[in-house]
Amino acid sequence: MPSLRGRLFSALLGIFIGAWVAAGVYLYLQFAQASSGTMDRGLEELANTALLSMPSDISEVSSRSTLSLRSGAPGRLEKTERWIQVWSKERRALVLWRRGAPTTPLKPDFIDGFATLQMAGEQWRVYAVSDASNQVQVQAGQPMSALTEELRTGLYYALGISSLALLAVGLAVKLVVRWSFQPVMTVQSAMTSREALDLTPLPAAGLPSEVRPLVDSFNRLLARLEEAVHVERRFIVDAAHELRTPLAVLLGQAQVARRARTLEDARPVLDQLMRGAERSARLSQQLLHSARIERPADPQTPIELADIITMLIQDFEMTATQKEQSISVHVEPGLVRGNLDEIGILVSNVLDNALRYAGRGGHVAVRCVREGNTLRLEVLDDGPGVPEADRGRIFDRFYRVAGSAESGSGIGLSLVARIARSHAADISTGPGLEGRGFGIVVRFPMIEERPAPP
Amino acid sequence: MGLPNILLVEDDRMLCDVIAAALQQDSWHVDVARDGRAAQTALIDHGYAAVLLDLGLPCGSGLDVLSGMRARYDATPALIITARDQLGDRIRGLDAGADDYLVKPFQVEELLARLRAVLRRANGQVAPVLHYQNISVDPVRRIVMRGDQHVRLSMHEFRTLLALMERQGRVVPRSHLEDLIYGGSTTIESNTIAVYIHQLRRKLGDSLIETVHGYGYRLGAER
């Protein structure tokens with residue numbers, strides 16, 4: 001994973017090193033040029049001075065009478081040693097030379113001007129100048145090693161100084177980068193060190209403006225998450241309480257049944273026990289449904305609502321028969337787009353609700369009809385109904401109609417409302433069958449028109 | 001042969017005991033398999049009247065057992081009993097060849113009623129593939145072909161088509177179809193047969209099924 005800090009540091013350091021190398025090379029070249037210029041000028045001056053300071057008949061002088069410095073005098077071949085020879089041009093004879101200099105011409109071609117030559121395994125810079133009457137030529141030379149030596153010393157000195165500077169700059173860059181990233185590192189360590197469900201906001205004070213929005217949006221997400229976790233915790237607590245009541249009833253009924261003296265005495269309690277168990281089972285199922293629709297829904301597919309109704313209605317047939325209820329189903333084909341499992345939860349909860357509140361001997365009508373470009377699902381019963389004042393609240397979680405004979409959980413219809421909302425379906429309540437009872441109408445947007453059934 | 005045999009495939013011992021006891025009260029003989037592999041073994045050459053199948057099993061799921069049965073043309077009626085109540089699971093179970101699907105917890109009477117309905121429907125059901133014009137129906141593997149096209153039908157559409165195919169050329173009364181599909185309910189009264197016929201026409205061709213007004217439906221020319 002690339003680190004922003006590491007990237008910034010290495011990029012800055014790279015730029016510095018590149019600039020340092022480029023500047024170094026440029027300065028070296030400049031210096032080298034300047035130095036060789038100085039050397040050439042020195043040679044030229046020496047040769048010219050020597051030429052001008054000599055008598056005009058110097059070329060006639062015998063080489064034997066040549067003066068020379070005494071041995072041991074200053075001017076031994078040292079680093080900056082320069083040699084000088086005076087040649088008679090006509091005779092090609094060495095007239096005068098500096099002691100220690102070779103007696104062969106430094107510039108064998110005797111052409112005036114500068115040249116760089118190989119001599120005795122060394123590079124030499126040589127200059128030759130002749131007088132105006134072309135009788136005498138003065139040749140001056142200096143080994144190149146003197147120049148490179150000088151250059152090398154300068155170069156080492158510059159390298160040392162600038163390396164120290166570079167090291168200082170690198171250190172400074174590292175410190176500055178670390179200092180700039182300090183707030184980000186603080187946020188990071190705050191995040192990694194916290195507990196799994198610690199949803200308090202991250203510290204946002206003193207953050208640079210580039211990072212602040214990121215942390216702020218994190219904090220908004222954390223706030224929403226905390227709200228959701230809070231709701232879920234409350235739901236779990238409520239649900240556990242809800243389950244506790246029917247379980248207490250079951251336990252009590254089982255104990256009463258055990259104490260009964262005859263089977264006949266026990267039978268009514270056993271019947272109650274069965275109903276209690278059914279109630280707990282339904283509650284656990286609705287909690288399960290509730291948990292399922294909490295998750296982000298799976299992809300939506302086209303669904304034939306009539307198929308779902310006919311498939312699910314059979315689950316209720318047995319209990320309806322036992323309660324001497326009748327169910328009438330009228331469906332028309334029509335496709336809606338939705339999540340299959342959620343639509344199933346919706347349909348089965350609406351049916352369950354109607355059949356429970358219809359009461360013994362009641363009637364429930366299920367209709368699924370096309371209405372314009374919507375598919376209208378209505379489930380109506382002829383039970384005691386719901387007072388007008390309560391209808392608005394029956395879709396709230398854990399809400400129960402006061403004084404109702406049936407012991408519902410108050411979860412079923414809240415699931416219905418939530419699923420309808422997530423499927424863009426419109427939900428409404430109204431009277432049931434024959435002017436009494438209760439009815440729920442869900443209008444789904446229909447997809448794809450089809451010819452009506454024959 | 002003696003008493004009709006039921007294979008109960010269920011891994012929960014308590015539930016297993018309760019269901020077995022209820023079936024024995026109803027004078028069935030019950031064999032029990034506690035995992036998928038035992039179920040596969042038990043199903044070879046035993047000729048069970050029906051299989052009660054839990055889905056979540058050790059050593060191979062109930063769906064695997066079911067698919068295996070149908071793949072080797074074992075048409076033994078299968079009733080799934082499971083805690084998985086999601087509609088998607090239910091449809092997958094029926095598509096895999098289950099004859100019915102019951103969600104736990106259920107009443108014992110409900111289980112017995114469904115079992116009887118499944119057996120009644122299976123009774124006299126022919127196993128070979130049925131043909132009419134370019135349509136073929138494989139009752140065991142529950143596959144419907146129109147020409148070389150596979151046609152997807154819902155459980156009820158399939159049962160309606162199968163009932164009409166088995167009675168080619170005869171008018172099948174609506175009430176008789178309802179009886180064949182739902183097992184004769186006095187509690188639920190519905191128009192759903194008309195909807196299935198409509199869907200079958202849409203999927204298999206308009207002229208396939210003829211409506212005999214006020215009476216029922218017929219597939220194929222009158223005999």
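Author: A contact joins heavy atoms within 4.5 Å. Of the contacts in chain A between residues at least 6 apart in sequence, 65% link residues at least 24 apart. This is a predicted model, in which local features need pLDDT of at least 70 and side-chain atom pairs pLDDT 80 or more, whereas totals for chains, interfaces and linings use all residues. Residues are numbered from 1 along each chain, chains are lettered from A and ligands numbered from 1 as written, and side-chain values use heavy atoms, without hydrogens and water.

Chain A comprises nine helices and twelve strands, which are DSSP runs numbered from the N terminus (helices H or I, at least four residues; strands E, at least two). Of its 454 residues, 39% are buried, that is, under 20% relative accessible area with a 1.4 Å probe and protein chains only (exposed is over 50%, partly exposed in between). An automatic or database assignment sets the domain bounds: domain 1 of chain A covers 1–55 + 79–192, domain 2 covers 220–295 and domain 3 covers 300–447. Taken over C-alpha atoms, the centres of domain 2 and domain 3 of chain A are 22 Å apart.

The part in question is the largest nonpolar core, which has 75 residues. Such a core is a set of buried Ala, Val, Leu, Ile, Met, Phe, Trp, Tyr and Cys residues joined through side-chain atoms within 4.5 Å. The residues with the most contacts inside this core are A:Leu305, A:Ile309, A:Leu346, A:Val347, A:Val366, A:Leu377 and A:Phe444. Helix α7 of chain A, residues 340–358, contributes the most to this core, with nine residues.

With residues up to four places away in sequence left out, A:Leu305 touches A:Gly334, A:Val336, A:Ile343, A:Val347, A:Cys368, A:Leu375, A:Leu377 and A:Phe444. Three of these partners, A:Val347, A:Leu377 and A:Phe444, are themselves listed with the most contacts inside the largest core.

Is α7(A) open to its surroundings or enclosed by them? It is largely enclosed by the rest of the structure, because 17 of its 19 residues are buried. From its first C-alpha to its last, α7(A) reaches 27 Å, close to the 27 Å expected at 1.5 Å a residue; the expected span is 1.5 Å times one less than the number of residues. Just after α7(A), A:Gly359 adopts a positive phi of about 80 degrees.

With 48 residues, α3(A) reaches 70 Å between its first and last C-alpha, close to the 70 Å expected. The buried residues in α3(A) are A:Val215, A:Asn219, A:Leu222, A:Phe235, A:Ala239, A:Pro246, A:Leu250, A:Gln253 and A:Ala257.

To return to the main subject, A:Leu305 and A:Phe444 are among the residues with the most contacts inside the core of 75 residues, and the two touch each other. Apart from that core lies another, of 26 residues, including B:Leu161, B:Leu177, B:Ile193 and B:Leu219.

B:Glu166 is found in helix α6 of chain B, and its 27% relative accessibility is why it counts as partly exposed. The C-alpha atom of B:Glu166 is 22 Å from that of B:Ala71, 95 residues away along the chain.
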